[in-house]
Amino acid sequence: MKILMVTAEAAPYAKTGGLADAVASLARELQRAGDEVRLLLPLYGSVEEIYRRRMFPLPYPLAIRLGTVHWARVHEHIEPGGLRVYFLEYQRYFGRDRIYDDGRRAFSDNAERFSLLCRAALDLPGLIQWIPDVFHCHDWMAGLVPVFLETRDRQGPLWRSASVLTVHNLSHQGYADRSILDFAGLPRSLFRPDQLEACGGVNFLKGGLYFANKLTTVSPSYAGEIQAEELGCGLQNVLRFRSGDLMGILNGIDGDVWNPATDPLIPHNYSRGQLAGKALCKKSFYQKYFPAGGDGRPLFTAIARLCQQKGLDVLAEILPRLFATVDIRVALLGSGDRKLEEQLRQLARQFPDRLHVTVGYDEAQAHLLEAAGDFFLMPSRFEPCGLNQLYSLRYGTLPIVRSTGGLRDSVLCYDERTGAGTGFTFHDLTPQSLADAIGWACACYHDRPRHLRAMVHRAMGQDFSWSRPAARYRDCYRWALESKRGSG
Ligand code: ADP
């Protein structure tokens, strides 16, 4: 099958979060398994020189037929595995470093920028003489691709191409004034409450959800949750309307980067059958960060963007009470909300022998925390998929998670009668339930070490590679093609 991925991010070229990893890993896995996959993303000012040196400009410029024609350059890079990556160069919109906004501007032109990306995806096949079977669109930034495909491009060379839209996080939707339709060259008749209109403006994601042949999101539970008001972010009606075309597919992880047996960023390597290195990682962590001692005490770790979604504000609230009642060590890594950053720093000053906090983005520290911890905390308010709990399972650091979205689909709750499970789950995000879950994990650590060892063993044996999800995406592409060509 021929698939064109349309995305604002792909690792390692442009990344702000999990989206970049998921798109790039999926594309490479499909290509490896024999599909012909190509990827289109903008050439941001921040794309590093080492990648620029490997690209070649296509011989002809691309005419992007929005309301008026915009001319752009496209650069091609072929990865060693055969994946072709096209970088769209359009200085005025993408020459800046930041992927989503230029913080110095009084208004955002994201809608114009990503309209250009979407239209470029539909005009590129003519330039490279390659018609994709499926346009795989990621998040709102690619939301107008299905809209074009089912309106302006319904006739013409792309009439047999289908579209799949994947929602990586429903809380980002892409709003614009209705004048964006003229800019994009889309009919004004689309400005209807059941199609592109929302709250008086144009909603890119809603348009994509309405027009794409099939929809996916990044876990089966999240696929159900976004159809209800609580997590539907205002789009629950269109999602319910399309529920028969929606699949939830849990993301995989990159097993080359996240593998405790070979990870160069941790002091001692280990595997499921050889766990001694894990204990040594914890020991050297304690020597470095808790020199006052802590041997025999459980270590709880967490890594996250510090924002509402991740629920670490609730952890911060209960830490003083926890330290007064249970003898534990906690190590946190994250950045984001300034108030929460300061609150965590303050707590670390108050409890230097119990709590270590790193504020910032630190890849090496993230790997170390995954390896050294006994338990990994993810009390998220919502979590479309989540990667850190998957890394924790791989590293034998038992996740303690709120039962939501991808966390619920990947962590099996401990059963103290049988010893089954791969972690600890709780339902309500209240200070009391989070404290109870941590207390439960402590009790298991001290009183049921055999159960704990069996869980670590079981967790490390789970398969979260990309091969299974990639096969499901392939099913989804076939399904999209059937519905497109059947109706054509
Ligand atoms: P999200 O995409 O919502 O941020 P995920 O759990 O899906 O959450 O993925 C986050 C990714 O970013 C993980 O790979 C995680 O390790 C990484 N990450 C988040 N914050 C930091 C940080 N401060 N330092 C290093 N890595 C981080």
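What share of the 488 residues of the protein count as buried? The answer is 59%, where buried means under 20% relative accessible area, exposed means over 50%, and partly exposed lies in between, with a 1.4 Å probe and protein chains only. This is a predicted model, in which local features need pLDDT of at least 70 and side-chain atom pairs count only at pLDDT 80 or more, while totals for chains, interfaces and linings use all residues. Residues are numbered from 1 along each chain as its sequence is written, and side-chain values use heavy atoms, with hydrogens and water left out.

## The protein as a whole

The protein has 19 helices and 19 strands. These elements are DSSP runs numbered from the N terminus: helices are H or I runs of at least four residues, and strands are E runs of at least two. The radius of gyration of the protein is 24 Å, close to the 23 Å that the globule rule gives for 488 residues, so the protein is as compact as a globular protein of that length. The radius is taken over C-alpha atoms, and the globule rule is 2.2 Å times the number of residues to the power 0.38. Along its principal axes, the C-alpha trace spans about 70 × 45 × 45 Å.

Accessible areas come from the Shrake-Rupley method with a 1.4 Å probe; for residues, only the protein chains shown count as cover. A contact means heavy atoms within 4.5 Å. Among contacts between residues at least 6 apart in sequence, 71% join residues at least 24 apart.

## The ligand and its surroundings

The ligand is surrounded by 15 residues, and the closest are Arg305, Lys310, Gly360, Asp362 and Leu387. A residue is near a molecule or strand if one of its heavy atoms lies within 4 Å of it. By class, this shell holds seven nonpolar, five polar and three charged residues. Here Ala, Val, Leu, Ile, Met, Phe, Trp, Tyr, Cys and Pro count as nonpolar, Asp, Glu, Lys and Arg as charged, and the others, Gly among them, as polar.

Which elements each supply at least two residues of the shell around the ligand? They are β14 (299-306), β15 (329-336) and α15 (388-394). The largest share, three residues, comes from β14.

| Residue | Ligand atom | Distance |
|---|---|---|
| Gly18 | oxygen | 3.2 Å |
| Gly360 | nitrogen | 2.8 Å |
| Asp362 | nitrogen | 3.0 Å |

The protein covers 90% of the 560 Å² of accessible area that the ligand has on its own.

Tyr93 lies in helix α3 (residues 91-94). With a relative accessible area of 3%, Tyr93 is buried. Not counting residues up to four places away in sequence, Tyr93 touches Asp109, Glu112, Arg113, Leu116 and Phe183. Tyr44 is 49 residues from Tyr93 in sequence, and their C-alpha atoms are 8.6 Å apart in space.

Arg329 is part of strand β15, one of the elements that supply the ligand shell. Arg329 is buried, at 7% relative accessible area. Beyond its neighbours within four places in sequence, its contacts include Tyr286, Phe290, Asp353 and Arg354.

Leaving aside neighbours within four places in sequence, Arg65 is in contact with Arg119, Asp123, Arg152, Asp153 and Ala184. With Asp123 there is a polar contact between the two side chains, at 2.8 Å. A polar contact is a pair of N or O atoms within 3.5 Å; within protein, one must be able to donate a hydrogen and the other to accept it, and residues adjacent in sequence count only if both atoms are side-chain atoms.

## Backbone exceptions

Most residues other than glycine have a negative phi, and most peptide bonds are trans. A cis peptide bond, however, joins Ala11 and Pro12, with omega about 5°. Pro12 sits in the loop between β1 (2-6) and α1 (18-32).

Asp139 has a positive phi, near 65°. Asp139 belongs to the loop between β7 (134-138) and α5 (144-150), and at 7% relative accessibility Asp139 counts as buried. Cys233 also has a positive phi, near 45°. Its place is the loop between α9 (229-232) and α10 (236-241), and at 35% relative accessibility Cys233 counts as partly exposed.
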